[in-house]
Amino acid sequence: MKPTLLALALSATLSVLHAPAHAQTAAPATVNYATVASNYAALVHANYSDTLAAAQDMQKAIAAFVAAPSADGLAAARKAWLDAREFYGQTEAFRFYGGPIDDDKGPEGQINAWPLDEAYVDSVQGKPQSGLINNPKFKITKANLAKFNERGGEENISSGWHAVEFLLWGQDLSETGPGNRSFEDFVDGKTPNADRRRQFLTVATALLVDDLGSMAKAWAPGQKNYRAKFEEGGKESVRKIIVGLGSLSRGELSGERMEVALNSQDQEDEHSCFSDNTHRDIVTNAQGIQNVWLGQYKRRDGSMLQGPGVRDLVAAKKADLAEKTSTQLAASVAAAEAIPAPFDRAIGKGSAGRPAVEKTVASLVEQSKLLVESANAVGIAKLTLVEP
């Protein structure tokens, strides 16, 4: 999704701020724009690196599956996709300010675009000849998948997480579970164009791994890259950090990914509709926001990266606001974790799960307001946020 950017000129006259009553509640003296930006850069690189490693494991599982298609091989590939999404979902907090993921040349659209028109990629119920896979004139290459991604419409998606997801699960035709594509769709003689389906899955996965690698490279330490400039950005870099958090909170996660689905009650409006993984997408997105706010991230190997976060910067100026915002972000994560799967059942009117979705939306909306207040508290009065 590419929500409309709305420039919000947010000016505030800051009152005189007094030091917190207890010294231990104040942020360390080393917390400033530069240290927060530097720790953020380290966190971003760690998260993208973990995502890349998980995607490479998925690539290995998919390679093993296409080499000898079987029910077990397909199950292993699906599990690897789900495992990798846990890390990618947290990276969504690094978007919306024109960074390497979504600047004019950024690959976000070919990494995570949705919703996907299944018939653009492959055969679907009632249309056995549809899709690029069933068009022998279409050459399946990384360049072509990138070229044809969103060609002629935003739902004409041929690359990224959701193209791979659709190929692994197939259409979600069940009201109670995910798609149930047979491994025989990839077996010669069982299904038309099985060889092209195997090739498409292999190439789409390779392109995704390439794009994730480019993100890790853009944030690698000690290079002449985006990270080097970002760490020198001071206050402007912190502004970008908060823009990312606020935009994901309000415009993208609570708006495009949840309110739209609540209003339409349409299965096609859920993020990971083929795998029924949307409930986890929501949790990991909320977790990503909390990671950046706190300045910490739990790595794939279980270790914890920790340093100055936006919270610490705010706490040095307005400790009560920092605490209130931290509490609200934790509440959003907890609310998201309470959404029952599958999400497409929870959004229905009268569904037992709908109140949990509505509670999460309300919490995310409230935290976006607190993030704006937090920006004002640290001297940032102009934000460009994504609105729903």
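Predicted model: local features only at pLDDT ≥ 70, side-chain atom pairs only at ≥ 80, totals over all residues.
Residues are numbered from 1 along each chain as its sequence is written. Local features need pLDDT of at least 70, side-chain atom pairs count only at pLDDT 80 or more, totals for chains, interfaces and linings use all residues, and side-chain values use heavy atoms, without hydrogens and water.

Helices are DSSP runs (H or I, at least four residues), numbered from the N terminus. Axes are lines fitted to C-alpha atoms over the stretch in contact, with angles from 0 to 180 degrees between N-to-C directions.

| Pair | Angle | Axis distance |
|---|---|---|
| α9 (residues 235-264) and α10 (residues 278-294) | about 165° | 10 Å |
| α10 and α12 (residues 319-337) | roughly 160° | within 8 Å |

α9 is therefore roughly antiparallel to α10 (angle over 145 degrees). From α9, the contact (heavy atoms within 4.5 Å) includes I241, L245 and L248. From α10, I282, N285 and W293 are among the residues that take part. This contact has 10 nonpolar, two polar and one charged residues.

α10 and α12 are likewise roughly antiparallel to each other. Their contact includes V283, Q287 and L294 of α10. Among its α12 residues are A322, L329 and E337. By class it has 11 nonpolar, four polar and one charged residues.

Helix α1 spans residues 33-67. Its 35 residues reach 51 Å from first C-alpha to last, close to the 51 Å expected at 1.5 Å a residue (1.5 Å times one less than the number of residues). At its start, a side-chain oxygen of N32 comes within 3.0 Å of the backbone nitrogen of A34.

Conventions. Helix = DSSP H or I, 4+ residues; strand = E, 2+ residues; numbered from the N terminus. Parallel < 35°, antiparallel > 145°, perpendicular 65-115°, else oblique. Nonpolar A, V, L, I, M, F, W, Y, C, P; charged D, E, K, R; others polar. Polar contact = N/O pair within 3.5 Å; in protein donor to acceptor, adjacent residues only side chain to side chain.
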